[in-house]
Amino acid sequence: MAIVNRTPDSFHDRGATFALDRAIEAARAAAAAGADWIDVGGVPFAPGPEVTAEQELERVLPVVEAARDLAVVSVDTFRPEVARAVVAAGAGVVNDTSGLRDPAMADAVVGTDATLVITHSLAAPRTRYPRPSYDDVTAEVLDFLRRRVQLALDRGVRPEQIVIDPGHDLNKNTYHSLELTRRLGELTALGYPMLAAVSNKDFIGETLDAAQHDRLIGTVAAVVFCVTQGARIVRVHDVPAAVDAVRMTEAMLGLRPPATARHNLA
């Protein structure tokens, strides 16, 4: 899953794809590099200036329309009205980082073929949550996801439409995110495909003492580890590196044949 943000204040790209032409160019490049999904965002998770639903749609809809024939298009949003509009425009995934804080988010995919990503987070959208605390972060994330998945099912979402995301760094400190990663297998036991959104996050930067744009190797290591623990979708900024890392990992796990096989066969 490639990341294309139409925001001026995203934590990593800091507006590099805010302009529409840059966003479309990034979506095309991601698809050409092997991205299966393209995740378009119009509002960051973190607190910041107000962005109305109308402004959010103005940002994401043109990218959805431009990218829907390139790959599966996902839209990162917490607003039901935005979710409904992007699905109608051809988005195949609603990526809800608020974890169905508004249950109407589930309704946006009912009766469609769209996928719903349910992510663990504690804070209301765009709200600070200082010093998050857990007795057992993995057990509590598991319980949250189990309850929110059931909420989605109760509202008519089909099981095959659901993807779960433990929410690395979302209202979690570095120790929490590292422990979640070590214990991802406990979450895959829920039986739903898992998305791991680890790219360039602070738990990588703090573990390695690496600045924001010096985290590629740490990101690749985290991506590979998450795949070995059962993640089946990884959300990344650097698509070519992640594609190579994931394909190599899948081959070693016996999930993908080599692209070519000539060595010592002649």
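Mentor: A definition is needed at the outset: axes are lines fitted to C-alpha atoms, for helices over the stretch in contact, and angles run from 0 to 180 degrees between N-to-C directions. Please also bear in mind that this is a predicted model.

Trainee: At about what angle to S1 does helix H1 run?

Mentor: Helix H1 comprises residues 20–32 and lies across both S1 and S2. With N-to-C directions compared on a scale from 0 to 180 degrees, the angle between H1 and S1 is about 175 degrees.

Trainee: Which strands form the edges of the open sheet?

Mentor: The sheet has 6 strands in the order S1-S2-S3-S4-S5-S6, with parallel pairing. An edge strand here pairs on one side only, which applies to S1 (2–5) and to S6 (162–165). From one strand to the next, the twist averages 25 degrees. The edge strands are therefore S1 and S6.

Trainee: Which residue of S2 is the bridge partner of asparagine 5?

Mentor: S1 and S2 (residues 37–41) are joined in the parallel sense over 4 bridges. Valine 4 stands opposite valine 40 in S2. For asparagine 5, the bridge partner in S2 is glycine 41.

Trainee: Are the residues Ala2, Ile3, Val4 and Asn5 of S1 buried or exposed?

Mentor: Ala2 and Val4 point one way from S1, while Ile3 and Asn5 point the other way. The cut-off for burial is under 20% relative accessible area. All of these residues of S1 are buried.

Trainee: Why are the buried residues of H5 placed on the same side of the helix?

Mentor: The buried residues of H5 are Val137, Thr138, Val141, Leu142, Phe144, Leu145, Val149 and Ala152. They are on the same side of H5 because they cover an arc of only 165 degrees around the axis. Their cover includes helix H4 (104–107), strand S5 (115–119), S6, H6 and H7.

Trainee: Which glycine follows H5, and what is its phi?

Mentor: H5 has 18 residues and reaches 26 Å from its first C-alpha to its last, close to the 26 Å expected at 1.5 Å a residue. After H5 comes glycine 156, with a positive phi near 105 degrees.

Trainee: Within what arc do the buried residues of H9 fall?

Mentor: In H9 (residues 216–228), the buried residues are Gly218, Thr219, Ala222, Val223, Cys226 and Val227. Seen down the axis of H9, they line one face of the helix, since they fall within an arc of 170 degrees.

Trainee: Which elements do the buried residues of H9 pack against?

Mentor: Two strands are among the partners, S7 (195–196) and S8 (233–234). The helices packed against are H6 (174–182), H7 (184–188), H8 (202–208) and H10 (239–252).

Trainee: Does arginine 262 count as buried or exposed?

Mentor: Arginine 262 is found in the segment after H10. Exposure requires over 50% relative accessible area. At 64% relative accessibility, arginine 262 therefore counts as exposed.

Notes. Residues numbered from 1 in each chain as written. Predicted model: local features only at pLDDT ≥ 70, side-chain atom pairs only at ≥ 80, totals over all residues. Heavy atoms only, no water. Expected span 1.5 Å × (residues − 1). Buried < 20%, exposed > 50% of the residue type's maximum accessible area, 1.4 Å probe, protein only. Arc of directions from axis to C-beta. Contact = heavy atoms within 4.5 Å. Pairing = 2+ DSSP bridges.
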